[in-house]
Structure formats: C-alpha cells, structure tokens
Amino acid sequence: MWIGFPTTAAYQDIGSMVSGAEAPSARWAGYIEKSVAGSVHAAELPFADGDIATGSISGGGMTAPGIGAVAFRGKGGAPATPDEDRIARADKRGRIVNVAPVAPPKFFNAGSILERTSMFLRPALEPDLKMAFAKPDIKGKEIEIATAFYVKKEKKPDPAVPAYLAALVTSEKADVLATAYAPPKPDYARASPFEALLQDELDKGRFVPPVAKGDHAWMSNPLPASVFSAEEQKCLANAIYFEARGESSRGQAAVAQVVLNRVRNPTYPKSICGVVYQNDNWKNRCQFSFACDGIKDRVDSPWHYRRAEETAMAVTAGKIFIPEVGSSTHYYAQYVSPGWARAMKRMTQIGLHIFYRTYGGGWS
C-alpha cells in the first residue's frame with residue numbers, strides 16, 4: 001500500500017492524515033506527546049510551518065483509547081525561517097507616522113497669545129501681520145487717551161492750613177494730638193479690617209517723620225504729647241519769629257523742623273522750651289542767639305508773629321516736613337562761619353540759613 005500510494009491518501013485513518021499534514025517529513029517521523037491545546041497541562045500552540053498552506057495548529061491532538069488525549073508533533077524541529085523574519089515589514093512604519101507643524105492663528109502678535117509676530121516679513125508685504133517693533137498709531141497719545149477715562153480732580157487746599165503754607169504741605173493727615181486740625185478720616189483702603197481692629201491705639205495717628213538714607217534712628221520717634229501745649233507752641237513761635245522773621249515760609253518751617261529734631265534727639269532736652277532756651281544764661285553762647293544776646297525779646301509785628309504761630313503748629317502736627325532739611329539739628333546764617341560746621345554734614349541752604357546734620361546723631 002505504501003509503495004503504491006506514498007502520499008497522504010495512503011494514511012490509514014484521519015488521525016494519521018491530520019498529523020501528517022502538518023509535518024514536512026515522512027509520516028513515521030511523528031511521535032506522540034501528552035499535551036493537547038486546551039488540556040489542563042501546559043498547552044502549547046506554536047505557529048504552523050509557513051511553507052505548508054494547509055498546516056494545522058500543532059497539538060490539535062486526538063483521544064487515543066487507553067492513552068487519553070494525545071497530540072502528534074513532528075521531529076523536524078524549529079522552522080528554517082524564524083517567525084520574526086517571516087513578518088512582512090515592507091508595509092510597516094514607525095509609530096510616529098508624520099510630524100506636521102501646526103501654524104498659529106493668523107493674527108498673532110508679540111505679547112499676545114492670539115497673534116504672532118514675524119521678524120522676517122515686512123508689514124508692507126503682509127499688512128495683516130504686525131511687527132513686534134512697529135510704531136503703533138497711538139504713539140505719543142498714551143497720556144491723552146488715559147486721561148480721557150480719568151476724571152480730573154483739582155487738588156483742593158487744606159482748609160485748616162493757611163493759604164501761604166498750602167504749597168509746603170507734605171501730608172494730608174495731621175498728628176492725632178494736634179487739636180488745631182480735624183482728626184483724620186480712616187483710610188480703609190490702606191488697612192485691612194483686622195489691622196484696623198488690632199492695631200495699637202496708643203500709636204495710632206501719631207506723626208513720625210520719614211527716615212531717609214543717612215538719617216538717625218531717633219528721627220522715627222514721635223514727639224512728646226506736651227509739644228502741643230500752648231506754652232510749648234509759644235516757645236516754638238518765638239524761635240521762628242526771632243530767628244527767621246525775614247525768611248520765607250519755607251525758611252521759617254525749616255527752622256521749626258530743626259527745633260523739633262532736637263526734641264527727638266536724646267542728647268537735647270525733651271521739650272521745645274528746653275531746646276529753644278538751653279543755656280540762655282550764657283552770654284552769646286546759647287543754642288539760639290536771640291535767647292542770650294542781651295536784647296529784650298519784643299514782638300513788633302503781630303502779623304509776622306501770627307504767621308510764626310501757624311507755621312509752628314503745622315510743622316509740629318506733621319503737615320509740613322522738608323526732606324532736604326531731614327534730621328538737621330544745626331543751622332547758621334551764611335554771613336558767619338562757625339567752627340563746628342566743619343565736623344558736620346551740610347544738608348541744604350534755604351534763604352540765608354545753611355542747615356547741617358551730625359554724623360553720629362548726637363552733638364557731633
């Protein structure tokens with residue numbers, strides 16, 4: 001039978017045909033293995049040989065009487081061509097098929113996420129494409145356009161400050177102890193509700209001069225409450241009247257600021273009268289010359305003295321503070337040349353008076 005029919009038709013049964021159909025070698029090259037696809041044992045499903053078009057899955061198997069489920073596997077070994085080489089890679093590509101640049105919107109300008117800016121094309125060639133450094137149409141009109149949306153409010157002079165002192169006012173708020181001025185209104189925009197409730201009431205509303213570079217630490221001390229008394233204000237008005245009666249309003253305010261700086265300075269008396277009349281019993285050697293020049297202090301011009309009183313209260317209340325004078329504690333007229341001036345820092349000159357600040361914050 002085998003000699004006459006050496007092909008698949010010579011197989012005795014269907015099991016031999018199925019087993020032999022998947023093996024390229026002769027039928028007697030097969031053997032039985034105890035492994036069937038779907039069995040509880042380790043199932044194996046290797047790829048069929050690619051050279052056999054009708055090849056079945058290896059391990060298809062059958063149930064043999066007395067043996068159980070068995071499968072036929074050929075002894076041919078591994079296929080001549082590995083699986084990875086039999087994959088048709090000609091039609092396959094990488095995972096990233098193509099990277100196409102996405103063009104931004106048409107109108108995209110520098111500083112905007114909606115418009116782009118080109119540094120290579122001229123606006124004349126592409127009108128819709130704006131340049132980053134192109135001159136805008138509103139160039140030079142920014143202030144005019146901004147003021148069109150802002151209601152101008154003329155700065156009104158403080159009714160509590162005389163008109164001749166209005167130009168010297170540097171603070172809208174006055175010291176809370178200055179009874180000559182109305183108490184300042186609370187500014188809720190500058191402080192939160194918690195700060196408004198929890199701040200120290202003792203220091204609330206006291207005037208503290210701004211401390212600039214080179215100023216001394218004692219400048220941040222508020223004045224004693226006694227400086228607002230009538231007696232203290234009279235002493236300050238006397239210093240302004242007799243020392244700077246012929247000076248401008250700015251010059252008179254500068255002299256008052258020097259007197260109050262000495263009150264803040266720990267090396268001087270703690271009152272205005274104590275500062276103004278310090279060593280007044282020393283003939284021509286006191287701090288302010290009018291106090292010890294031997295000439296009786298007489299007010300000949302009540303109008304000038306009234307201006308001195310108003311200037312004294314405005315400077316004491318902190319409505320007027322001259323930054324150029326700063327923490328100066330000394331001054332002299334330009335027609336004299338005291339020796340102590342060489343050991344101090346010159347601050348400024350207002351009228352005939354030249355103002356000085358000490359280097360160490362004390363006497364010199």
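Three strands form an open sheet in the order 4-6-5, with antiparallel pairing. This is a predicted model, in which local features need pLDDT of at least 70 and side-chain atom pairs count only at pLDDT 80 or more, while totals for chains, interfaces and linings use all residues. Residues are numbered from 1 along each chain as its sequence is written, and side-chain values use heavy atoms, with hydrogens and water left out.

**The sheet**

- Strands here are DSSP runs of E with at least two residues, and helices are runs of H or I with at least four, both numbered from the N terminus.
- Strand 4 and strand 5 (345-350) stand at the edges with a single partner strand each, so one side of each has no neighbour in the sheet.
- On average, neighbouring strands of this sheet are turned by 25° against each other, direction ignored (axes are lines fitted to C-alpha atoms, for helices over the stretch in contact, and angles run from 0 to 180 degrees between N-to-C directions).
- Strand 4 pairs with strand 6 (residues 353-357) in the antiparallel sense over four bridges; two strands pair if DSSP finds at least two bridges between them.
- Ala333 stands opposite His353 in strand 6.

**The second largest pocket**

- The second largest pocket has a volume of about 780 Å³.
- On a 1 Å grid over the protein atoms alone, a pocket is an open set of points where a 1.4 Å probe fits, with protein on both sides within 12 Å along at least five of seven lines, and lining residues have an atom within 4 Å of a point.
- Grid points are joined across faces, edges and corners, and the volume is the space filled by probe spheres set on the points.
- Of the 32 lining residues, Glu243, Gln287, Phe288, Ser289 and Tyr331 are the closest to the centre of this pocket.
- Strand 4 (330-333) and helix 4 (230-244) each supply at least two lining residues, and the largest share, four residues, comes from strand 4.

**The largest nonpolar core**

- Of the 44 residues in the largest nonpolar core, Tyr181, Leu236, Val259, Ile272, Ile320, Val325 and Phe355 touch the most other members.
- Such a core is a set of buried Ala, Val, Leu, Ile, Met, Phe, Trp, Tyr and Cys residues joined through side-chain atoms within 4.5 Å.
- Buried means under 20% relative accessible area, exposed over 50%, and partly exposed in between (1.4 Å probe, protein chains only).
- Helix 5 (249-264) gives the largest share of this core, eight residues.

**A residue to look up**

- Asn279 is found in the loop between helix 6 and helix 7, and has a positive phi of about 60° although it is not a glycine.
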